[in-house]
Structures are given as structure tokens and as C-alpha cells.
Amino acid sequence: MMQGNQACAEGAVAAGCRFFAGYPITPSSEIAEYLSIMLPRIGGRFIQMEDEIAAMGATIGASLTGVKAMTATSGPGFSLKQENIGYASMAEVPCVVVNVMRGGPSTGTPTLPAQMDVQQARWGSHGDRGVIALTAKSAQETFQQTIRAFNLAERYMTPVILLLDEITGHTTEKVVIPERSTLEIVDRAAPDEPPGEYLPYRLTDDCIPRLAPFGTGYRYNVTGLVHNETGFPTNDSRDIACLIERLTKKIEMHEDDIVQWNEVMLDDAEVGIFAYGSVARSANAAVRLCREAGLRAGLLEPTVLWPFPTKAVLEMARRVKVIVVPELNLGQMAREVSLAAQCSVPVRRLGRVDGNPITPQQIVDLVGEVL
Amino acid sequence: MFDYLKYVREENFPHIWCSGCGDGIVLKALLRAVDKLGIDRDEAVMVSGIGCSSRTPGYVDVNTLHTTHGRALAFATGVKSAKPHLTVIVVTGDGDATAIGGNHFIHAARRNIDLTVLLYNNYIYGMTGGQCSPTTPRGARASTAPFGNLEPPFNISGLAIAAGASFVARGDVYNAKKLETLILKALQKKGFSLVEVVTPCPTAYGRRNRMANPVKMMEHLRDTAVSMEKWESMSGEERAGKFRTGVLCDVERPEYTEEYARLVEEVRTDR
Ligand SMILES: Cc1ncc(C[n+]2csc(CCOP(=O)(O)OP(=O)(O)O)c2C)c(N)n1
Ligand code: SF4
């Protein structure tokens, strides 16, 4: 039995995380607290920084030495981290940023569930870049998704966001921790060439750079300025376009490997529910209740929010008469669903922002209404 | 003649600094100090923020990390605590370290983490064209203080000492040999070591403050930088408009990464 936040800490350590920098903020603080116990015991580093900007910076600095690194926060801290998250995207430094969401804007509702940062996760930092953001609906999933976040970060050399919410973070439930040897753990690829021939940002077919850890004999430059293959700043328009396009393409071309979702009774569904995070729990219950009442509802439950599961939504849109999107915000993902469905079916949103969870009955009622 | 080419990335020259800028003199003093200590380039990491001064690492053939404005110390803290055996040198400006990065500056000093920080103090935001910085003197002109600056300046070295740094020195680029010695001492010291380097920015500061000529700025440095010994013998009146150079603080304090390593030894359960 453990809290979602503890499962996150366990998942991080299982994934090989050996560095955590954070700044306390509800409802994420337990992640830092657990790691402050766990990391020193296994020779890892834990540091409480002076603010979230510093925590993000330290996380990136640590990762550049080859250590798997993570930070965790909630809405206001996530806002503060954005500039350095963009830096990690630009310099292609793998790391994991956990955001246990609360309601906003501003200090908002520190202790209540919300999902108001899903668009910030995609667009929160300035500039064009591809983004990977995962989510989880239970402590068990949080454990697994934390490992997956590290794996994707290391494979694609990018920051990965894990969006949890207050319900997932604070609910204590059963978690099965598999044998270490059965877990798939990915480590970043080492350079293919010796230092003399090394280009840190060499263009490769898979668009993924091989950054050598600092201190291993490969001396190169890392910058948030636009740079060329050498890692040094450039103003050459071809180099600029090449890098900025690659930062998006790097994620887009690997979408099939990254994007994942679950489907529940979608085959014969007339109403498709799109729900993620803790709301997906209510949605699973709602599907059962609907079916008992003779309503043909099904569920599309993405476990990756960015890149958006466009193909899965379009596929669902072709099958159902209407899509409903319950979420703890005022339609942030409903917008994306509408776009992905390409106007082929109506999309109804159910946004709850009063600090309470969306109940299964609320979803059932909406399904009844739209059918 | 000292062989600077041994340590620089020749392909990145010519550098971006204006003629008459003092930043190159600091770079040279640093390279001489690094050479004297025989620091292994593979084990050295230079971290900087954003500004003219923060472009220094780009020219040095070590592991280099050019971060975001004000955040060099945060990134450097991550590098150093993840791999304490690395020599981590931070280059930052007066704006970078004491305006936007002020919080990281005092906390890195408080933690007394083993970083060597070269803070180029040119009293101005050079890179962005001469706006006020937290060290712009009262009455001096800046592009955002066209009628003279109203705010009192920070005493950067005093700030670092008060925050807990174990080594603090002030040098200047007119006295380049002495600067080299101060940097060398800072590199040798275990703990947060700051060298505040007073350096001219003729372009963004001098031009607005009747010192457009770089030579004039250097002469001004010559006339206002005072050694510790001399400072002691000066009256309050004589000290006006001048500043002390030398080692201002050198004390023994527990260093952060060593303390952390001790903690790990105590609580370790994985062997
Ligand atoms: C977040 C952010 N704010 C503002 C800037 C613009 N900016 C770049 S350098 C700089 C000031 C640099 O001054 P200083 O640190 O004193 O260095 P100098 O150029 O004088 O060496 C500013 C404000 C930026 N790059 N990032
Ligand atoms: S603007 Fe000032 S600080 Fe920047 S390079 Fe020119 S002289 Fe140096």
C-alpha cells in the first residue's frame, strides 16, 4: 500500500534516478520527502534548492554529467520551471519533471484536484519544440509511468513531463513492484565516435543527439542559443531552421513509439468518452454503469497526453456518434479532441473546476443526455 | 610567453567582445591560473549565465555549459553535487549574478558548495546595451537611467561574505597579474569561492559616463583600485571613490558536497 507520490519516488529509483532537486509545494512535496530518504541510502543525491527555477537548473546540470535526474512540483512551480524546461528541450538534456497538478491560476487550490496544466505542459515554454507528457490514474500506473518517463527522456534526449493530479498523488492504494530484472530500463546512447571526431549534435537519421556525460573526455559546448552540430551558437539561417525543425520532428517521427492509450468497450460504442488521469477512474466506472443501464458507452484513455493521440481519437470519432470529454479544467483537452476528430462528430465537454472530482454519475448523466 | 592556444577553442575566434572590453583579460588570467594548477581539462566544467561575460566559457576547451540568464549557479550546483570530483568554474556578470540570479548567488554561498565563481563586475548590462545593473553607482548614467541612477549599488563581495562564502576576493583587470593570483587561490579553495573582477565596459558604460576611451577606463581602474595594505593606511576621505582589491575573506567552513558524502557514508544501505 502506498501513496501515488511514493509510487512516483519508487518508480524513479527503479528507473535509475540518482539525482533529485526540488522545492516544496503541495500536493507534490511527498515525492521530495520520500526521495530525501531513499536517494542518500543508495548513494544518490537529493538537494532542496532555493526555488523551482534553481531546482530545474540543477536537474539539468546533474543530467549532463550522465546521472538520471528528476524534479517535482505543482502549478506555480511548474510555471517557474518553464524557461529551464525550454532550455532542456533546446539543449536536449534528458530529465523528468513531475507536476502534481492543483487548480490555478496563481496559487489557486493547493490541496484540491485539478488538471489545469495540460496545455501548459505542451506550450508553457516559449518557442517551438516537441514535447512528451505522460499521465497516470493510479499509484500503480504512477510507478510504471515514472519509469516510462525516464526511458523516453533517455531515448529521445528531451525533458519528459509527468502530469499527475492531487487525487493520484495522495490516494493510498496497492502497488505491485515488479522484480528489478523484469523492468525495461533505457539508458541514453553513448557517442559512436572518439572525442577527436565527436559532434555532440551530429545530424542522425533518428534526429537524436548522442550527448556524452561531462567528465568522460568529450569536451563540448552546451547552450540554449541556437547552435549547430558542434554545439556552438550560430546565426546561419539554415542551421537555425535545421535545429528548430528537428526539435519538433524528433518527437513527431517517433510518435508511434511514444503515444499509448487504453480502450474500454469502444468497439460497439455510440458514445466515446475521452478521459485521462484521475478522471479516467471515474470514466471506467461510468462505462460500467452506462452498460448496465443499456447505454453503449466506451472509453479512450490516453496515458500519453503529448504528443496528442490524434490517430486514436480520429479512429474513435469514426465509430461513435458523439464524444464526451470530462476533465478538471474548462476544456483544455476537449479542444484537442475536437481538432483531432476533424468535426466528424460533436464533442461535448464536461469541465469541473470547483475543486471536486468528476463523479461517475456525472459522466453517466452526460452520456444519457447526448444519446 | 604563456601558450594560451593550449586552452582555447581557436575555431571560435575572433571573440564577440568589443575592443577595449576587459573580459578577455579575465579569460587570460583564468587560463594562466588553470595551467599553474594543472587542472585536467576533461575534469573541468565551466558554467555561465547570459551576458557578454557569460560568453567566456565558449572560448575555453573544457566541458562548457552556457545556461539561462541568472541561473548558472543553479546548473553548476547540479553538476557539482552530481559529480563532486569535477572542477566547476562559474562565469557570471553583475546583472546575471546579483539581479536575476541574486537568489541563487546567496544560496550557493550559504551552502558553501565547492564552486569557483568569477563575477565580472562592469557596473552595467553590457550585452543588452547599457541598462542599469544592481552595481551601477548612484548618479551614473545608463540607458535606463538617462538622468542618473537613483539606486544605491550592491557591494557584491560583502554580500557573498555575509551569505557564507568561504573565500571572497576582489580583483581588477588593470592589475592582471594579481588577478591571476586571486583566481588561483579561489580555485585552490574548497568551498564557495568568489572572485569579483572589476572590468571596464567602454561601450555600454564608459560611453555614457565620460570614459568612452578604453584607455581612460583602464587609467581609472589604475587610480581607483587599492591594495588591502594601502587601504588600511588611507583615511575615509582618501578612500572615497576607490575600492579594495585582494583577499577579503578566507575562512574554513564545512563544504556542501563533502558533508553530503559523509551523510551517504552514514546512511548507506546498498552494500
Ligand atoms: C530571462 C532573461 N531576461 C533578460 C534577458 C536579457 N539579457 C541578456 S544579458 C542581460 C544582462 C547582462 O548583464 P550582466 O550580467 O551584467 O553581463 P554583461 O553583459 O555586462 O557582461 C540581460 C538583461 C535574458 N537573456 N533572459
Ligand atoms: S558591451 Fe561592454 S561588456 Fe559587452 S563586450 Fe562590449 S565592452 Fe565588453
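Thr73(A) touches Ile25(A), Ser28(A), Glu52(A), Phe78(A), Lys81(A), Val98(A), Asn99(A) and Val100(A), leaving aside residues up to four places away in sequence; a contact here means heavy atoms within 4.5 Å. This is a predicted model, so to speak, with local features needing pLDDT of at least 70 and side-chain atom pairs counting only at pLDDT 80 or more, while totals for chains, interfaces and linings use all residues. Residues are numbered from 1 along each chain as its sequence is written, chains are lettered from A and ligands numbered from 1 in the order in which they are written, and side-chain values use heavy atoms, with hydrogens and water left out. Thr73(A) sits in strand S4 (residues 68-73) of chain A. Helices (H or I, at least four residues) and strands (E, at least two) are DSSP runs, numbered from the N terminus. Thr73(A) is buried, its relative accessible area being 0%; buried means under 20%, exposed over 50% and partly exposed in between, with a 1.4 Å probe and protein chains only.

Zooming out, chain A has 13 helices and 16 strands. Its radius of gyration is 21 Å, close to the 21 Å that the globule rule gives for 371 residues, so chain A is as compact as a globular protein of that length. That radius is taken over C-alpha atoms, and the rule is 2.2 Å times the number of residues to the power 0.38. The C-alpha trace of chain A spans about 70 × 45 × 40 Å along its principal axes. Of the 371 residues in the chain, 63% count as buried. As for contacts between residues at least 6 apart in sequence, 77% of those in chain A join residues at least 24 apart.

Next come the pockets. On a 1 Å grid over the protein atoms alone, a pocket is an open set of points with protein on both sides within 12 Å along at least five of seven lines, a cavity is a set where a 1.4 Å probe fits but cannot get out, and lining residues have an atom within 4 Å of a point. Points are joined across faces, edges and corners, and a volume is the space filled by probe spheres set on them. The largest pocket comes to about 710 Å³. Its lining has 31 residues, with Tyr123(B), Pro137(B), Gly241(B), Lys242(B) and Phe243(B) nearest the centre. Helix H5 (156-163), strand S6 (193-198), helix H7 (214-224) and strand S8 (243-250) of chain B each give two or more residues to that lining. By class, the lining splits into 16 nonpolar, eleven polar and four charged residues. Ala, Val, Leu, Ile, Met, Phe, Trp, Tyr, Cys and Pro count as nonpolar, Asp, Glu, Lys and Arg as charged, and the others, Gly among them, as polar.

The second largest pocket has a volume of about 430 Å³ and is lined by 22 residues, with Tyr87(A), Met90(A), His126(A), Gly224(A) and Leu225(A) nearest its centre. H4(A) gives the most to this lining, with five residues. Eight of the lining residues are nonpolar, ten polar and four charged.

There are also five cavities of 30 Å³ or more in the structure. The largest cavity holds about 70 Å³ of space, and its lining includes Tyr7(B), Leu30(B), Arg41(B) and Ile89(B). H1(B) contributes the most to that lining, with three residues. The lining has ten nonpolar, no polar and one charged residues.
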